[in-house]
Amino acid sequence: MQAEKFPRKTAATMSYINKPKFKHPQMQTNDIGLTRRDYEGTLTTLCGGCGHDSISAAIIQAASEMSLEPHRVAKISGIGCSSKIPSYFLSKAHGFNSVHGRMPSVATGANIANKDLYYVGVSGDGDSASIGLGQFCHIVRRRINMLYIVANNGTYGLTKGQLSATADIGSRTKSGEESQFDNIDMATLAIELGASFVARSFSGDKKQLIPLLQAGLSHKGFAFIDVISPCVTFNNTDFSTHGYKNTWENYMALSEVDFVPMREEITTSYAAGKEKEITLHDGSAIHLHKTSNDYDPTDKENALHHINAYKKQGKIATGLLYINQSTSDLHELQETVDKPLNSLDNQELCPGNEVLKDINNSFR
Amino acid sequence: MSELIQSSKVTGLTKVNDCVVKFANVNGSGSASANGMFAKAVFRMGIPISPHNIFPSNIQGLPTWFEVRINENGYLGRREGVDLIVAMNEQTIAKDIASVVPGGYVLYDSSKVLANELLRDDVTYLPIPLKDICLEEFEKPTQRQLFKNIVYVGALSAFLNIDFKVLTGLVSDQFRGKEKLILPNIHALELGHQYAIDNFACPLTLRLEKSEKNKGKILMDGNTATGLGSVYGGATVAAWYPLTPSTSVVDSFATYCKRLRIDAGTGKKKYSIVQAEDELAAIGIAIGAGWNGARAFTATSGPGISLMQEFLGLAYFSEVPIVLFNIQRVGPSTGMPTRSQQGDLLCCAYASHGDTKHVLLFPANPSECFDYAASAFDIADRIQSPVIVMSDLELGMNEQICDPLNWDDKSRYDRGKVLDAQQLDEIEKYGRYLDSDGDGIPYRTYPGTHPHKGSYFTRGSSHDSYAAYTEDGSVYAEVMDRLTLKMKTAVNYLPEPEFSETTSNNLGLAFIGTTISAINEVLDSLAKKGITLDTMRIRAFPFHDSVTEFFGAHQLVYVIEQNRDAQLKSLLKIECNIHEEKMHSILSYDGVLITAQHIEKSIIDSMIDVDASGEVPA
């Protein structure tokens, strides 16, 4: 393996856009000495104003503030506008843009191979609620320790504006097509299927989204965030329930979340009732400010009741909707060894010829 | 009735260590373990044997057969015609009795009178009141049912001269740990044995004698060997969806992992098995794990292969190593789920849309299933692409005599071109798809290796040498050309064809996999007629140059395969540019193993055709 085998890249081989590498000398660094730039990806090729770019920006800020080591993250997506997002954050992390609707299986395999990385799956409503609904359901059931984000715009952007399965009944696209079918609510579905962290947010509400992303990354188990992310080109009409207008007007936070990284001592004390503090497995904590005393995000039925009650009023329930800290992830359920499976060597895996002789004897 | 049968003056077949015994049973009646015991007893007597399960896609009620060929010369392919039938299924008894060759034997349950139309005057009947014996001797209804099977095995031991001690030894082995089952089973064997001795002249003229032919050998099925080979090959991730006849590959992997892959200190598992929601997820999980540096596999059959096509294209184009075991069954569509075929060659060789090509391995016996399973993980890592091991139901689910499995303790896993953090530090700029060595195989990195070097974005969309998205046609074409080169390089890591010693004549036989079971018999039989042939057993795709050379060295090669459309012949035409006139197809696609008789007849018929036209091929 010699260095000269890998020559410098020439301009001729490039057909994507590199972000300028310039760093302002006084740019702030985080606890591990990295700046925001170190968490960025390539320049976006999405439409100007696309909600998805706000999601990328929120992930960059969330990871930077948490001082995540970028290379300890694996980013996995399916196909569609949403699935381009992993290109636009954490370029020091390995990424895998797989096939349409199948990100969950690829993420499952990756997680099984090495449990020591952070896994961020990014998908869309077409990718996860239609072609990949089966895989979505089963990754939830399998309790993969990861953060799964659906950039939900109610439409198929890359194929120019067809309705998706999350589009609410009566919602209309730019071309005037009206959704005649009941929508699939990914958040309630995730709760039903056993996800242990379920949130909903809005790409336009960074203040809410960033702590949710941080909490989701810190949560041990399957963390799901349904992020309403308007498609400015095909589904941002006044008649679309996934456009900016409707989302701002009907956006209801069931809870507000502050994320407290593990290195910070928790000093604030909260009044009982509407406030709740939840310590996560890695030592960080979330402070939850609930909208009402009778809402309990640790109670499955109660959480579903509140989300559905809002839905009946045409409101979109957001915030941390449900959390369960007492479930095990797949590795714990399967009792895999502490070392990542991809690091086990010949000696640890191969039983050797003496054992094989005994096995041969059992077939005589 | 019994008198009528006894009075018939039939001369029974007189043969030693050469017969086909067939058991006709009702699925779910508990016959499998009794029939297996019979086969194992013959194996332990040292006589070559090949058992074949011909079973329905059903749990209970439909007919099932267990056909055993016993042959001192080691001719272990299927043979047409049955010498002794154990007719236990009323649904099929007419057909079963009709399948017996003249001079053969019919063992049946005489607790019920045999209908007149089932009587033949050219076979010998061996009536045993199985039901009545079991009603008298056993209390529990399940025992009364199950032990009918053991009683007929006991009777067969007297008829065929099977060493009774071998049988009792087998019972003890089989029920080790469940000792209270041993005595009733031995009692049932004795009942059958004694009844036969008391009522018939035992042994028959069709009989067995101890032999030395199985020295050192084992009796194992291919799927068990495949699962075990995956353990030895270092697989840590298995993702699968249940599908006959591939299910027992993962069953075997699980069984041996439980024994051999538990961490001694913690009791934790050095493996993970995921039963996926479908075959798409199964291969997706394997690809995710392969991408992340674990050795991963999935096992499936035809319908699963169809579902996995898109992912196979992704793994080919994004260059992710995975191993896929295809235990082929009869297609198209659901086809005959419990019958065997070599019908997936074309759809695996070029699986997925666009220009693709995949490495295929063709094991022919359980030892090779073990070896190829283990080495498939090395090959996949080395070439960073899927490796498809093409077994079939016949090989996967039936026990075969084969050489014992062997592992070279000095061997080390070949993880291929993977850069670690230190190697990355030495590099100025890393390119995931850069052909640094000129062999078409780039260097890969595992996620999490280095803080700021070596990361890349894996994608199934067009990319350049640095894994960046591109729609530049010439860059795309360069990558595709490199993949062509990579597949040429891959051939160096694949098993060469197995050639017979050349007899320097003009005729050859080319075949893959389970067809081998018929070949020796064909060659010996044709040699007696003055026809000699050279053979080539192809063991991998893409083909070695020696495959093309074999065709060059022979005037005509019979390409034998078990499918309708001569798929191997098509591959040879496409890949090696072999002329149509050089190849003569011999095909079999009825779902059971090809027979020597069929191959021999096809060869002779083809010569007669050619003779008539005035041209002599040899």
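Visitor: In chain B, how far apart are the centres of domain 1 and domain 2?
Guide: In this predicted model, the centres of domain 1 and domain 2 of chain B, taken over C-alpha atoms, are 36 Å apart. The domain bounds come from an automatic or database domain assignment.

Visitor: Where do the domains of chain B run?
Guide: Domain 1 covers 2-207, domain 2 covers 220-402, domain 3 covers 422-475 and domain 4 covers 498-612. Residues are numbered from 1 along each chain as its sequence is written, chains are lettered from A and ligands numbered from 1 in the order in which they are written. Local features need pLDDT of at least 70 and side-chain atom pairs count only at pLDDT 80 or more, while totals for chains, interfaces and linings use all residues.

Visitor: How many residues make the contact between domain 1 and domain 2 of chain B?
Guide: Domain 1 of chain B contributes 11 residues and domain 2 of chain B contributes eight residues. Two residues are in contact if their C-beta atoms, placed from the backbone, lie within 7 Å.

Visitor: Which elements supply the domain 1 side?
Guide: Helix 2 (31-44) and strand 3 (49-54) of chain B each supply at least two residues of the side of domain 1 that touches domain 2. The largest share, five residues, comes from strand 3 of chain B. Helices (H or I, at least four residues) and strands (E, at least two) are DSSP runs, numbered from the N terminus.

Visitor: And how do those residues divide by class?
Guide: On the side of domain 1 of chain B that touches domain 2, seven are nonpolar, four are polar and none is charged. Ala, Val, Leu, Ile, Met, Phe, Trp, Tyr, Cys and Pro count as nonpolar, Asp, Glu, Lys and Arg as charged, and the others, Gly among them, as polar.

Visitor: Turning to the two chains, how many residues of each are in contact?
Guide: 59 residues of chain A are in contact with 76 residues of chain B. Helix 2 (103-113) is one of the elements of chain A that give two or more residues to this side, and helix 2 of chain A gives the most, eight residues. The side of chain A that touches chain B holds 25 nonpolar, 23 polar and 11 charged residues.

Visitor: What are the confidence scores?
Guide: The model scores ipTM 0.94 and pTM 0.95. Chain B has a mean pLDDT of 95, with 97% of its residues at 70 or more; pLDDT is the predictor's confidence in each residue, from 0 to 100. Over residues 1-7 of chain B, pLDDT stays under 50, and the model has six contacts beyond four places in sequence for them.

Visitor: What does the overall fold of chain B look like in numbers?
Guide: Chain B has 21 helices and 23 strands. Its radius of gyration is 27 Å, close to the 25 Å that the globule rule gives for 618 residues, so chain B is as compact as a globular protein of that length. The radius is taken over C-alpha atoms, and the rule is 2.2 Å times the number of residues to the power 0.38. The C-alpha trace of chain B spans about 90 × 75 × 40 Å along its principal axes.

Visitor: And chain A?
Guide: Chain A has 11 helices and 13 strands. Its radius of gyration, 22 Å, agrees with the value near 21 Å that a compact globule of 364 residues would have.

Visitor: Which prolines of chain B follow a cis peptide bond?
Guide: Among them are Pro203(B), where the bond from Cys202(B) is cis with omega near -10 degrees, and Pro245(B), joined to Thr244(B) by a cis bond with omega about 5 degrees. Pro203(B) is in the loop between helix 7 (182-199) and strand 8 (206-207) of chain B, and Pro245(B) lies in the loop between strand 10 (237-240) and helix 9 (247-260) of chain B.

Visitor: Is Leu90(A) buried or exposed?
Guide: Leu90(A) is buried, with 29 other C-beta atoms within 10 Å, and its phi is near 45 degrees, a positive value in a residue other than glycine. A residue is buried if 20 or more other C-beta atoms lie within 10 Å of its own, exposed if 12 or fewer, and partly exposed in between, with C-beta atoms placed from the backbone. Lys160(A) also has a positive phi, near 75 degrees, whereas Lys160(A) is exposed, with 12 such atoms within 10 Å.
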